[in-house]
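Hi,

Here's the structure I promised to pass on.

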Amino acid sequence: MTEAILKCPTCNAVHHEKTDVFGNKKGEKSDFDAREIFGVNYTCPITLEDTDELVALPCGHLLSKRAYGQMGGCTGGASLEEADGRDDGCGEDRALIHIRKAGQRSCEGTYRRHSRGDDAYTKIGQYDGQDVTYSIEVRTVELKRWWYLSCDSSNPSEPRIDFYRAPVKDSCDYPKGVRWEAASLFGKFPSPRVAVSYFE
C-alpha cells in the first residue's frame, strides 16, 4: 500500500496521511492532520470562493472544506464529503455537537438528541455548583429563528440561563457553520467553537 500525500497549493509543503500504529488508514479517504477552523471567512486558493467552512493544513495554510475533500482529505476518520451528505431526514438524530473553547467553560462538551422527537441537543453538567441540563435548541425571537445554548436554572421557578445564540441556517438541522454571540451577560468571550460528528 502506498502512502497518500497532499501538497499545499500555497507553499507546496508535502503532508503525509495519518495512520494507526499498524499503518492502516481509516476509511477510503486520507487524514492529513488538517484542523477545522471556525469564525473566519476566507477565499479558498483552489475554489476561489469566499467561505467560512475551512480547514488549516499542518503548514498553516487554509483551504475550503470542499476543496480539501476533493483532494482526498478527511478529518476525524470520516470524509468531509460524507459528513456534508448526511443532512438527510435522520442525519440530525445521528449528529453530535461538540462545543469547545467557549468563554463560559461549563458549556463545553458533547451534545446530542436522545430520541427522534427531541427538540434540543442536550448534555448534563454543572453550573454554579448545581447539576443542570445544558441544551442547544431553536427559538423564535422577534420573528427571527436562533440557536440558543443555555442551561436550566438551579431554581425551577426561574427562566433558563442563556449563554450564546446564533442565527439558524435553514439548510441545516443543527448548528453547523454558524457564528455564535453572547445571548446575555452570562455568555463570556470568546464565543464557542462548534464541530459536528456523527455516530451510526
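Let's start with D173, which sits in the loop between β15 and β16 (181-182); strands here are DSSP runs of E, at least two residues long, numbered from the N terminus. D173 is partly exposed, with a relative accessible area of 38% (buried means under 20%, exposed over 50%, partly exposed in between, using a 1.4 Å probe and protein chains only). D173 and A95 are 78 residues apart in sequence, but their C-alphas are 9.5 Å apart in space.

Before you go further: this is a predicted model, where local features need pLDDT of at least 70 and side-chain atom pairs count only at pLDDT 80 or more, while totals for chains, interfaces and linings use all residues. Residues are numbered from 1 along each chain as its sequence is written, and side-chain values use heavy atoms, leaving out hydrogens and water.

Now the inside. The largest nonpolar core has 24 residues (a core is a set of buried Ala, Val, Leu, Ile, Met, Phe, Trp, Tyr and Cys residues joined through side-chain atoms within 4.5 Å). Its largest share, four residues, comes from β15. W180 is among the residues with the most contacts inside this core. W180 touches I136, W147 and P192, among others (contact means heavy atoms within 4.5 Å).

And the cysteines? There are zero disulfides, meaning pairs of cysteine sulfur atoms within 2.5 Å. For C11, the nearest cysteine sulfur belongs to C8, 3.8 Å away. C11 is partly exposed at 36%, whereas C44 is buried at 0%.

Cheers

Definitions and conventions
Lists of a residue's contacts leave out its neighbours within four places in sequence.
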